[in-house]
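Let's take a walk through a protein model together. Have a look at the picture first, and then follow the strands and helices one step at a time.

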Amino acid sequence: MNQPLAYVHPGAKIAKNVVIEPFTTIHNNVEIGEGTWIGSNVTIMEGARIGKNCNIFPGSVISAVPQDLKFGGEDSLALIGDNTTVRECVTINRGTVASGVTKIGKNCLIMAAAHIAHDCHIGDNVIIVNGVLLGGHVTVGDFAIIGGLSAVHQFINIGEHAMISGGSLLRKDVPPFTKAAKEPLSYVGINSVGLRRRGFSTEKIREIQDIYRILYQKNYNTTQALSIIEAEMEATPERDEIILFIRNSSRGVMKGYTGIY
């Protein structure tokens with residue numbers, strides 16, 4: 001661990017078996033869990049909390065102050081869960097007074113040159129592909145995948161198991177279990193391949209498809225569709241999750257694809 005060409009502040013708490021490569025700088029008030037590897041030319045700033053068995057690749061900057069003009073220097077954190085990989089030149093800003101923390105879950109893969117802004121909350125097993133930009137206060141559910149070079153507006157919510165096409169512009173929330181593509185971003189089906197890979201049964205996938213047919217393919221407005229789903233579909237965790245997500249959406253959810261530009 002003790003590389004002569006790396007700087008580790010005496011106030012940093014570094015667990016056993018952490019490897020810190022040359023030319024890396026670790027500031028005060030940083031904690032790094034056992035088995036984590038920190039590559040060369042990484043900067044880890046105050047407020048970082050990095051879990052066990054993580055890999056942080058060269059050029060990344062973790063827990064820099066937010067790019068938010070309202071930020072007043074308040075204490076805040078950037079959390080990275082166990083077994084998460086952060087590839088080259090990723091930037092992850094710490095939180096603001098709004099939530100106090102930017103959080104990335106366990107078993108995530110953040111690919112090269114992605115940016116995760118202040119107060120984002122990323123679930124477990126999420127994949128964020130190269131060049132993705134997340135504005136402040138974005139939430140991403142477990143197992144979601146965001147395709148490369150996508151840009152996500154601040155305060156957007158992305159549901160669990162959603163899959164976003166590369167190069168997308170996200171101005172509306174993306175409900176769970178769906179695939180999103182086109183411009184403007186639209187519903188193009190459910191993420192059936194991803195759901196099968198994660199153990200969802202054929203019957204459960206069919207149930208989710210039936211829910212989204214009512215929402216997106218029956219020409220109902222959102223209020224009508226939700227009422228029909230509640231009245232006609234059996235109550236299940238997936239049904240209730242979809243309903244709750246849509247009802248709690250402050251920006252509104254993406255629309256169905258019409259083919260009209």
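In this predicted model, eight strands form an open sheet with parallel pairing, in the order β2-β5-β8-β11-β14-β17-β20-β23. Which strands sit at the edges of this sheet? They are β2 (13-14) and β23 (157-158), each of which pairs on one side only. In general, strands of a sheet pair through backbone hydrogen bonds, either parallel or antiparallel.

Strand β20, residues 139-140, pairs with β23 in the parallel sense over two bridges. If you look for V140, its bridge partner in β23 is I158.

Other strands pair as well. Strand β10 (residues 61-64) has parallel pairing with β7 (residues 43-44) and also with β13 (residues 91-93).

| β20 and β23 | two bridges | V140 with I158 |

Now for the helices. The protein has four helices, along with 28 strands. Helix α2 covers residues 202-216, and at 1.5 Å a residue its 15 residues should span 21 Å; the end C-alpha atoms are 21 Å apart, so the two values agree.

Which residues of α2 are buried? They are K204, I205, E207, I208, I211, Y212, I214, L215 and Y216. An α-helix has 3.6 residues a turn, so residues three or four places apart point the same way. The buried residues of α2 pack against helices α1 (192-197), α3 (222-232) and α4 (237-247), and against strands β26 (178-181), β27 (186-190) and β28 (255-256).

An unreviewed UniProt entry lists residues 173-254 as "domain: UDP N-acetylglucosamine O-acyltransferase C-terminal". Over residues 173-254, the chain is 52% helix and 11% strand, and the end C-alpha atoms lie 6 Å apart.

Finally, step back to the whole protein. Its C-alpha atoms fill a box of roughly 65 × 40 × 30 Å along the principal axes. A compact globule of 261 residues would have a radius of gyration near 18 Å, and the protein has 20 Å, which agrees. Buried residues make up 49% of the 261 residues. The protein exposes about 12,300 Å², and carbon and sulfur atoms supply 52% of that area.

Conventions:
Residues numbered from 1 in each chain as written. Predicted model: local features only at pLDDT ≥ 70, side-chain atom pairs only at ≥ 80, totals over all residues. Heavy atoms only, no water. UniProt positions renumbered as here; feature names shortened; annotations may be inferred. Pairing = 2+ DSSP bridges. Rg over C-alpha atoms; globule rule 2.2 N^0.38 Å. Buried < 20%, exposed > 50% of the residue type's maximum accessible area, 1.4 Å probe, protein only. Areas by Shrake-Rupley, 256 points an atom, 1.4 Å probe, with all protein chains shown as cover. Expected span 1.5 Å × (residues − 1). Contact = heavy atoms within 4.5 Å.
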